[in-house]
Amino acid sequence: MQAEGDLPKLTPEEALELTQKGGTILCLDVPEKTEFGIDLRTYAVGPLFKGIKMIPSRGLHLVTCGGELERTGLFVMFRPAGVCVMEWDPSTEMLRLMQDGEQRERHEAAARRLEHDRSLGPYPLATERQWRSLSAYINEGVLQRANIPVGTFIVPGGIDDDEASADDAQMQPFFAGLARVPTFVPVDPRRPQRGKGPMLSGAALTQYHMDRSEFVLGLLLREYGQGEGSGEDAEAALLGELQLAFLIFLQLSSLRSLEQWKVLVHTLCSCEQLLLSRPGLYVKLFPVLRAQLLLAPRDFFEDELSADNFLRASLSSLASLADGHQLHAGLEAELERLWKFVLSRFGLGRSQLLAEQLGEDEDPVVVAVTEDGEQYP
């Protein structure tokens, strides 16, 4: 089950300590050849499989299960020596959290006595640092905002599943074991706000196409800042949703999550004033982007199917916005790290990106709105 290199060399004493102190996921009666994953690794279940041990108790972990065409996931977190017990439901062909309290407690105690040890695969410890870089801003608040709290099963959903407002989704009753589609903050100004009609007027939409800073500041205040207390918390909440959308797309093949990730990345790379006024946001954003782009193949910007993708346009826009400005020292350093990474991994230089942006038609887009609300350029 374990991929080569996923587990560092451990002495028997070190392995025992990690097993006793780490978290354990028990997955009972999972059919053979079912795909089971945790964080960045997915495996085909064998006949003796009963779960994963040695799970670090730091932060959240994403568990996935299913087949090639359909997969569900859920976020879990562990205290030291914590145990999560799940069982296979033949009627839905999905995992579910064990509801029988007495039976669950017996399995938890057995796991702590290491009775299932031979049937538990070790957590891929070599990937933990990379997982942290991809999920550092995801916390319980981010999951609550997306309507998928810890322990809730997640289904990918389609792009059009958000026709109902996010408010409606938040008011849905919670039933244990019922899978949910994630509900993201509306970021496309052409779509309705949370039950409040169009997000931007015609004039504001024109300004949005020129510089999206005011739009993002509004999102930080209205959406990500609710109950957070400070602007820094709102920025972390936004970055948490960016990471959440990316990981659900990556691990559950969710097109809806892909769209959210794309819109957030492109929007943040199109904010000239925000780049200057909120450098701390971008100092945190650029390492997140590097971690995500590290999972892209090296020919990502050369392959015929992916060469002209939104990321190229986003990076070109970012290069243009930063060009000629005296940036905050920390921001300048992080931006330079981003350009060096893009060049070393993809062979794409900042000067090339800047030339591509300057070569585009830079005329502003003027949007008019008719009396019935229809928009046209």
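Which residues are linked with Glu 128 in a network of salt bridges? Arg 58 and Arg 132 are. That is where I'll start. One reminder first: this is a predicted model.

Take the pair of Glu 128 and Arg 58. They form a salt bridge, and the closest N and O atoms are 2.4 Å apart. Glu 128 sits in helix α3, residues 128–135, while Arg 58 sits in the loop between β4 (51–55) and β5 (60–66), so this pair ties together parts that are 70 residues apart in sequence. Is Glu 128 buried or exposed? Buried, because its relative accessibility is 12%, and the cut-off for buried is under 20%.

How many salt bridges are there in total? The count comes to 18. I'll pick out two others.

Next pair: Arg 312 and Glu 356. Their side chains meet in a salt bridge, 2.8 Å from N to O. Arg 312 is in helix α12 and Glu 356 is in helix α14, residues 350–358, so the bridge ties together parts that are 44 residues apart in sequence. Arg 312 is buried, at a relative accessible area of 14%. Glu 356 counts as partly exposed, at 26%.

Glu 334 is buried, with a relative accessible area of 12%. Arg 337 is partly exposed, at 42% relative accessibility.

Back to α12, this time for helix packing. Its partner is α9. Helix α9 covers residues 255–268, and helix α12 covers residues 310–322. They pack at an angle of about 20°. Their axes are 9 Å apart. How do we class that angle? Under 35 degrees counts as roughly parallel, so α9 and α12 are roughly parallel to each other. And the handedness? α9 passes α12 in a left-handed crossing.

Now the surface. Which leucines form a nonpolar patch there? Leu 7, Leu 10 and Leu 18. Together they have about 190 Å² of accessible area. Look at Leu 7 for a moment. It lies in the segment before α1, which runs over 12–21. Leu 7 counts as partly exposed, because its relative accessibility is 31%. A patch residue needs over 30% relative accessible area.

Last stop: two loops. Where is Pro 90? In the loop between β7 (83–89) and β8 (94–97). Pro 90 counts as exposed, at 63% relative accessibility. Along the chain, Pro 90 and Val 30 are 60 residues apart.

What separates Asp 29 from Pro 47? Along the chain, 18 residues. Between their C-alpha atoms, 9.4 Å.

To recap the salt bridges. Arg 58, Glu 128 and Arg 132 are linked in a network. Questions, please.

Key
Residues are numbered from 1 along each chain as its sequence is written. This is a predicted model: local features need pLDDT of at least 70, side-chain atom pairs count only at pLDDT 80 or more; totals for chains, interfaces and linings use all residues. Side-chain values use heavy atoms; hydrogens and water are left out. Patches are made of residues with over 30% relative accessible area and no salt bridge: like charges are joined within 9 Å, nonpolar side chains (Val, Leu, Ile, Met, Phe, Trp, Tyr) within 5 Å. Accessible areas come from the Shrake-Rupley method with a 1.4 Å probe; for residues, only the protein chains shown count as cover. A salt bridge is a side-chain nitrogen of Lys or Arg within 4 Å of a carboxyl oxygen of Asp or Glu. Helices (H or I, at least four residues) and strands (E, at least two) are DSSP runs, numbered from the N terminus. Buried means under 20% relative accessible area, exposed over 50%, partly exposed in between (1.4 Å probe, protein chains only). Axes are lines fitted to C-alpha atoms, for helices over the stretch in contact, and angles run from 0 to 180 degrees between N-to-C directions. Angles under 35 degrees count as roughly parallel, over 145 as roughly antiparallel, 65 to 115 as roughly perpendicular and the rest as oblique. A crossing is left-handed if the near helix is turned anticlockwise from the far one by less than a right angle, and right-handed if clockwise.
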